[in-house]
Amino acid sequence: MKRRNLLRNILIFIFAFIFGYTVKKEGENMLLQRGDSALVKGKDGELIATEIKLLTDKIGDNPQSGTEKNSIWTELIRREVNPEWFGAVGDGVTDNTSAYTAALDYLSSVGGGKLLFPSGVWRGALMLGFNLNTSVMKKHDNITIEGVGKDTILTLDAGDQSLGGELIALRGQSVSKKLKGITLRNLRIKNKESNLNPGNGIGVTKTENILIENVVIENCTNYGITIESENENVTLQNVISISNAKSGIALTSSSTRRVRVINVTCEKNSEHGIYISNHSGTSIEELLIIAPICRNNLKTGIWGSHFDHSQIIGGVISNNLKEGIFLQNQKGSKLTSITVQNNGFEGIRLSNCEGTSIIGADISDNAGVGTNKVGIRIHNLSKNCMVIGSTIKNVNTSNQINAINVNADGCVFENNDLKGNGGTDVVIGTGFATRINGYYYTSDISGSVPIQDNVRKFQGASPPKSGSFKRGDIVENLSPSAGGFSGWICISDGTPGKWKGYGLIQE
């Protein structure tokens with residue numbers, strides 16, 4: 001009987017907590033009494049949240065499956081709390097850091113739940129998990145922090161930040177003590193202009209199963225979002241990160257895997273739109289970026305290093321001051337169906353990349369300056385890269401820009417539309433083995449380069465009269481006629497070597 005009364009009383013407290021009643025005690029029973037919703041208090045003038053906490057303390061911290069304890073615990077886990085109930089004020093002036101901590105600690109005590117922000121400007125730092133200020137790890141797992149959209153504004157002022165420098169810090173203590181199961185949703189993070197201290201909008205490190213969706217981040221004095229070391233299963237979805245002092249989204253990670261970046265917009269940032277870099281040299285594994293929009297950033301749209309076997313699918317990378325996409329030091333990644341246009345340097349640049357594929361890309365009107373006058377550049381120890389089924393055209397015809405510039409070994413180019421470029425369609429550095437649709441075209445390619453089987457194929461109307469050639473080189477006849485040859489083959493090395501016709505065509 002006592003347990004039934006206890007359960008009933010807890011549910012009454014929760015009802016009062018949500019709907020603005022006060023609670024009156026008569027004997028063993030709790031009765032509801034309508035009162036001022038701003039003064040939702042229990043029998044001793046305590047906040048209802050405090051009353052519930054006292055009751056859950058009586059239940060204990062370790063609910064057992066299938067028991068009455070577990071039923072009570074389950075009811076509490078599902079609760080939503082408002083930061084105002086813990087003393088927070090959405091006036092843009094009050095520092096709510098302590099109130100946020102009290103709310104998060106309460107949710108932690110009942111096994112998780114939702115901190116639901118109403119409209120307002122909410123100043124203060126939200127620190128979940130390991131608090132760098134106190135060096136204490138709190139079990140803030142399975143918590144959702146949610147607003148009502150653009151009218152829920154979270155902000156910092158000078159001196160408000162956590163020691164780690166984030167407005168929202170999601171931080172585990174170690175690999176064995178990760179922060180888990182956090183969702184951030186329907187929020188707007190906007191730094192105050194008066195806050196001149198370096199600070200990220202959201203920082204994520206040593207976590208697992210993190211979802212950040214429908215969040216707008218702007219004006220942060222460092223990165224909009226930074227994903228640091230030892231994370232697993234992190235998803236950013238429908239995120240807008242604009243006008244930050246560094247990059248919109250930064251993955252500065254080691255030992256991190258399964259990161260999903262879906263439908264994000266990064267624009268007008270002072271550095272890159274999306275920045276991927278691992279200074280320790282350990283690759284980010286299983287990175288998937290889908291439909292990014294990176295535009296009007298003061299450096300590169302997407303700059304990335306050390307993210308092997310990852311994918312960028314779709315999206316538009318445009319009007320960035322430097323490269324559209326610059327990738328280096330990575331293996332086996334794919335760029336598929338992406339539009340890259342109107343960027344200041346190369347559309348796409350690959351440096352020291354191995355097995356990187358560009359498939360079905362649309363690359364156009366990238367301005368190019370100096371040696372950067374090229375739609376795609378593959379260089380600096382890169383090898384075995386592919387460009388397949390892509391369109392590279394109208395690349396500033398007045399500036400003599402080349403479609404593709406290759407100083408890399410073992411690359412393959414197939415079925416690309418390279419028309420309408422101001423310079424040579426494809427420029428290949430001397431000594432690199434590269435195949436383009438199985439042929440080398442004298443009108444399109446500079447450099448004397450063997451394909452992988454050491455036979456070079458050209459097209460022309462006659463045998464070469466200049467240049468160095470090797471035995472076995474072939475020129476296919478572009479203007480075959482009766483009584484002529486299908487082509488010519490070099491039978492001895494030289495300049496231009498000795499050539500003989502093959503494939504006599506009948507009269």
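Leaving out neighbours within four places in sequence, Glu323 is in contact (heavy atoms within 4.5 Å) with Lys299, Thr300, Gly301, Asn343, Phe345, Glu346 and Arg349. The model is predicted, so local features need pLDDT of at least 70 and side-chain atom pairs count only at pLDDT 80 or more, while totals for chains, interfaces and linings use all residues. Residues are numbered from 1 along each chain as its sequence is written, and side-chain values use heavy atoms, with hydrogens and water left out.

Glu323 lies in the loop between strand 25 (316–318) and strand 26 (325–331); strands are DSSP runs of E, at least two residues, and helices are runs of H or I, at least four, both numbered from the N terminus. Glu323 counts as buried because its relative accessibility is 4%, the cut-off being under 20% relative accessible area with a 1.4 Å probe and protein chains only. The side chains of Glu323 and Arg349 are joined by a polar contact of 3.1 Å.

The largest nonpolar core has 82 residues. Such a core is a set of buried Ala, Val, Leu, Ile, Met, Phe, Trp, Tyr and Cys residues joined through side-chain atoms within 4.5 Å. Helix 4 (residues 97–109) gives the most to this core, with six residues. Ile168 is among the residues with the most contacts inside the core; beyond four places in sequence, Ile168 touches residues including Leu126, Leu154, Leu184 and Ile202. A second, separate core of six residues includes Phe458, Phe469, Trp488 and Trp499.

Strand 5 (residues 113–116) runs parallel to strand 3 (residues 80–81), joined by two bridges, and Val81 stands opposite Leu115.

Methods:
Buried means under 20% relative accessible area, exposed over 50%, partly exposed in between (1.4 Å probe, protein chains only). A polar contact is a pair of N or O atoms within 3.5 Å; within protein, one must be able to donate a hydrogen and the other to accept it, and residues adjacent in sequence count only if both atoms are side-chain atoms. Two strands pair if DSSP finds at least two bridges between them.
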